[in-house]
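Trainee: I have a new structure open and would like to learn how to read it. Could you walk me through it?

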Amino acid sequence: QVQLVESGGGLVQAGGSLRLSCAASQSTFSINRIGWYRQAPGKQRELVAASSSTGTTNYADSVKGRFVISRGNAKNTVYLQMNSLKPEDTAVYYCNGELRSNYALYDIWGQGTQVTVSS
């Protein structure tokens, strides 16, 4: 079963930057639409940034101007560049995408990566 594998989380001071990666575990799959979500303790999961299969992007108001979603050249990796991080950005970040190969189409969630921003 193909998976989405996230990486890049960690601990950073307020004002710092992190780049999260989300990659399909099998190179035969490409990522169509993709979304980055986050869930802080005691809060609902929320959409942070998304990219459609045509490349249209949208962002939550809380991260506009600070976060950028982008795709790698290999079409099976997506990134979330997070700048000017704030303590309220602390959460587990998940990617969710539609993965396509010549023979299959799946909607997959990644396992999540912790981002902690200290004040």
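Predicted model: local features only at pLDDT ≥ 70, side-chain atom pairs only at ≥ 80, totals over all residues.

Trainee: Okay, how do I read a salt bridge?

Mentor: Look for a side-chain nitrogen of Lys or Arg within 4 Å of a carboxyl oxygen of Asp or Glu. Here, Asp 89 makes a salt bridge with Arg 66, and their closest N and O atoms are 2.7 Å apart. Asp 89 sits in the loop between β8 and β9, while Arg 66 sits in the loop between β6 (57-59) and β7 (67-71), so this pair ties together parts that are 23 residues apart in sequence.

Trainee: And which side chain meets Asp 89 in another salt bridge, at 2.9 Å?

Mentor: That's Arg 38, with 2.9 Å from N to O. Arg 38 belongs to strand β4 (residues 30-39) and Asp 89 to the loop between β8 (77-82) and β9 (91-100), so here the parts tied together are 51 residues apart in sequence.

Trainee: Where does Glu 46 come in?

Mentor: Glu 46 forms a salt bridge with Arg 38, and the closest N and O atoms are 2.7 Å apart. A search of the whole structure finds five salt bridges.

Trainee: Are Arg 38 and Asp 89 buried or exposed?

Mentor: Both are buried. Arg 38 has 6% relative accessibility, and Asp 89 has 1%. Glu 46, at 34%, counts as partly exposed.

Trainee: Next feature, please: what is a disulfide?

Mentor: It is a covalent bond between the sulfur atoms of two cysteines. This structure holds one disulfide. Cys 22 and Cys 95 form it, with their sulfur atoms 2.1 Å apart. The pair links distant parts of the chain: Cys 22 is in strand β3 (residues 18-24) and Cys 95 in strand β9, 73 residues apart. Both cysteines, Cys 22 and Cys 95, are buried.

Trainee: Why is the disulfide of Cys 22 and Cys 95 right-handed?

Mentor: Check the torsion about the S-S bond: for Cys 22 and Cys 95 it is about 75°, so the disulfide is right-handed.

Trainee: β9 keeps coming up. How should I read a strand and its pairing?

Mentor: In a regular strand the side chains alternate between the two faces of the sheet. For pairing, follow the bridges: β9 and strand β10 (residues 105-109) pair in the antiparallel sense over five bridges. One example is Gly 97, whose bridge partner in β10 is Ile 108. β9 and β10 form a hairpin, with four residues between them.

Trainee: Now zoom out for me. How many helices and strands does the protein have?

Mentor: Zero helices and 11 strands. Its radius of gyration is 14 Å, close to the 14 Å that the globule rule gives for 119 residues, so the protein is as compact as a globular protein of that length. The C-alpha trace spans about 45 × 25 × 25 Å along its principal axes.

Trainee: What about burial and contacts overall?

Mentor: Buried residues make up 43% of the 119 residues. Among contacts between residues at least 6 apart in sequence, 56% join residues at least 24 apart.

Note on methods
Residues numbered from 1 in each chain as written. Heavy atoms only, no water. Buried < 20%, exposed > 50% of the residue type's maximum accessible area, 1.4 Å probe, protein only. Helix = DSSP H or I, 4+ residues; strand = E, 2+ residues; numbered from the N terminus. Pairing = 2+ DSSP bridges. Disulfide = S-S within 2.5 Å. Rg over C-alpha atoms; globule rule 2.2 N^0.38 Å. Contact = heavy atoms within 4.5 Å.
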